[in-house]
Amino acid sequence: MPGLPVQKAAAPTYHTLEEIRQRKEQLTEELQKDNTQFSTLWNKLFVKRKDVSKGEFIASMVTNSITAIDAFLLVRKLLKNYRSIFRR
């Protein structure tokens, strides 16, 4: 909410250099784990498609084109019949 003060979490206090090193190692492990998880999710997002023949490629293009034209005609028909709903 605007106008409300933002409270920051209290920073941990370290008394020795060894505590700082332990915290650094802990953060490094967390970063490695997060990086591994991120990499896994990223690779799942962009799955490499299998090689398709030229005929399959053309067939998919035709199918996608027909779907796009069908969607366009549906939207056009809905706007024509229900124009009063879509007006501002």
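Author: The chain exposes about 9500 Å², and carbon and sulfur atoms supply 60% of that area. Accessible areas come from the Shrake-Rupley method with a 1.4 Å probe; for residues, only the protein chains shown count as cover. Of the 88 residues, 0% count as buried. Buried means under 20% relative accessible area, exposed over 50%, and partly exposed in between.

This is a predicted model: local features need pLDDT of at least 70, side-chain atom pairs count only at pLDDT 80 or more, and totals for chains, interfaces and linings use all residues. Side-chain values use heavy atoms, without hydrogens and water, and residues are numbered from 1 along each chain as its sequence is written. pLDDT is the predictor's confidence in each residue, from 0 to 100. Its mean over the chain is 85.

The chain has three helices and zero strands. Helices are DSSP runs (H or I, at least four residues), strands likewise (E, at least two). Helix α2 (residues 54-81) has the highest mean pLDDT among the elements, 93. Helix α3 (residues 83-86) has the lowest, 76.

Now the nonpolar patch. Val52, Phe57, Ile58, Met61, Val62 and Ile66 form it on the surface, with about 570 Å² of accessible area together. Patches take residues with over 30% relative accessible area and no salt bridge; like charges are joined within 9 Å, nonpolar side chains (Val, Leu, Ile, Met, Phe, Trp, Tyr) within 5 Å. A salt bridge is a side-chain nitrogen of Lys or Arg within 4 Å of a carboxyl oxygen of Asp or Glu. Val62 lies in helix α2. Val62 is partly exposed, because its relative accessible area is 46%.

Technical notes: Buried means under 20% relative accessible area, exposed over 50%, partly exposed in between (1.4 Å probe, protein chains only).
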